[in-house]
Amino acid sequence: MNVMIVDDSSVMRKILTRTLRQSDLEVDEIFEASNGEEALEQLKGKPIELVLCDVNMPVLNGLEFVQKVKNNNISPNTKIIMVTSEGGLDVVNKAVESGAKGFIIKPFSADDFKKKIEHLCAA
Amino acid sequence: MKDILIMLSQTTQEVFRTMMSMEIDIQSETINELTDKIHMSSMITLDGTIKGTLVFHCSNDFAQKITSTLLDDIATGSLQEVEVKDAVSELTNIIAGALKNKVSDIGHTFSLSIPKTLNWQEYLNETKSISRKNIIKFESEEEFFFLELLSEGKKEFKKAS
């Protein structure tokens with residue numbers, strides 16, 4: 001499957017890329033976006049099965065991105081998983097209500113991340 | 001205030017242990033001066049029932065070490081400055097987010113800004129009129145770093161009423 005990582009931190013994008021490649025998921029291409037706006041454009045034009053999305057980002061944040069994807073019916077079969085340092089229930093709940101599949105809270109170990117991602121993707 | 005600092009210390013240790021498999025020790029809490037060599041400071045503001053700024057201070061060497069560990073990259077010499085600043089910003093962001101989750105258990109809530117990382121001189125210029133308080137010093141394998149809680153404006157760090 002193709003994956004898109006949406007995070008304004010290039011370091012976090014690298015960490016997630018590495019962890020994905022080390023997981024048991026069959027990952028083909030990994031695309032990157034540094035904010036929700038870039039992510040929307042990529043999602044409209046490319047076949048992406050999974051999106052890992054940060055919450056706090058400039059231009060268009062993660063929650064706004066999920067809401068736009070849902071409201072505009074963009075790539076409806078794509079699974080979106082929020083990856084965030086903010087586990088505040090209000091933000092996470094809104095994202096899930098808007099269509100996110102689930103969330104992973106930082107900090108996470110590589111093993112925890114792999115297990116969680118594999119579990120959410122299988123669900 | 002003391003309970004917030006204790007939570008911050010615990011949170012920081014957990015972040016280092018989880019993300020980087022690094023054990024860090026608390027050298028001292030609530031010191032009033034930033035001693036030892038600091039080259040980089042990463043700031044993130046808290047706005048809610050707790051108002052202020054969380055700052056992560058470290059040397060260039062420690063920043064490189066953090067970046068290398070996060071990226072699982074042994075060749076620290078090849079790290080770009082922008083990459084190192086980004087890593088320190090992200091680490092500060094994770095610590096602040098973890099603190100936010102922890103203090104929510106005692107009824108506090110706040111939003112976080114996007115972190116900003118400055119060199120030491122830039123940081124001093126931005127905060128020169130603020131007296132230093134609420135600093136925690138940590139040690140990891142003979143390297144030191146600091147976390148500082150600054151008040152909003154120039155007042156003592158305090159909870160919003």
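Reader: How much area do chain A and chain B bury between them?

Author: The size of an interface is often given as the accessible area lost when the parts come together. Here the value is summed over both parts and uses a 1.4 Å probe. Chain A and chain B bury about 1,700 Å², with 56% of it on carbon and sulfur atoms. This is a predicted model, in which local features need pLDDT of at least 70 and side-chain atom pairs pLDDT 80 or more, while totals for chains, interfaces and linings use all residues. Residues are numbered from 1 along each chain as its sequence is written, chains are lettered from A and ligands numbered from 1 in the order written, and side-chain values use heavy atoms, without hydrogens and water.

Reader: How many residues does each chain bring to the contact, and which three supply 32% of the area on the chain A side?

Author: Contact means heavy atoms within 4.5 Å. By that rule, 21 residues come from chain A and 19 from chain B. The trio is A:Val11, A:Ser85 and A:Pro107, which supply more of chain A's buried area than any other three residues.

Reader: What kind of peptide bond joins A:Lys106 and A:Pro107?

Author: Most residues other than glycine have a negative phi, and most peptide bonds are trans. The bond between A:Lys106 and A:Pro107 is cis, with omega about 5 degrees. You will find A:Pro107 in the loop between β5 and α5 of chain A. As for phi, A:Ser75 has a positive value near 45 degrees although this residue is not glycine; its place is the loop between α3 (62–71) and β4 of chain A.

Reader: What is the strand order in the sheet of chain A?

Author: Helices (H or I, at least four residues) and strands (E, at least two) are DSSP runs, numbered from the N terminus, and two strands pair if DSSP finds at least two bridges between them. Chain A has an open sheet of five strands, ordered β2-β1-β3-β4-β5 with parallel pairing. Its edges are β2 (30–33) and β5 (102–105); each has a single partner strand, so one side of each has no neighbour in the sheet. From one strand to the next, the twist averages 20 degrees. As an example of pairing, β1 (residues 3–6) and β3 (residues 50–53) of chain A run parallel and are joined by four bridges, with A:Ile5 opposite A:Leu52.

Reader: Which strands of chain A do helices α1 and α5 touch or lie across?

Author: Angles run from 0 to 180 degrees between N-to-C directions, and axes are lines fitted to C-alpha atoms, for helices over the stretch in contact. Helix α1 (residues 10–22) of chain A lies across β1, β2, β3 and β4 (79–84), at about 165 degrees to β2(A). Helix α5 (residues 110–122) of chain A touches β3, β4 and β5, and its direction makes about 180 degrees with that of β5(A).

Reader: And at what angle do α1 and α2 of chain B pack?

Author: Angles under 35 degrees count as roughly parallel, over 145 as roughly antiparallel, 65 to 115 as roughly perpendicular and the rest as oblique. Helix α1 (residues 2–20) and helix α2 (residues 60–71) of chain B pack at about 45 degrees, their axes 10 Å apart, which makes α1(B) oblique to α2(B). There, B:Phe16, B:Met19 and B:Met20 of α1(B) meet B:Phe62, B:Ile66, B:Thr69 and B:Leu70 of α2(B).

Reader: What about α2 and α3 of chain B?

Author: Helix α3 (residues 81–104) of chain B packs with α2(B) at about 80 degrees, with axes 9 Å apart, so α2(B) is roughly perpendicular to α3(B). Among the residues in this contact are B:Ile66 and B:Leu70 of α2(B), and B:Val84 and B:Leu91 of α3(B).

Definitions and conventions. Buried area is the accessible area (1.4 Å probe) that two parts lose on being put together, summed over both.
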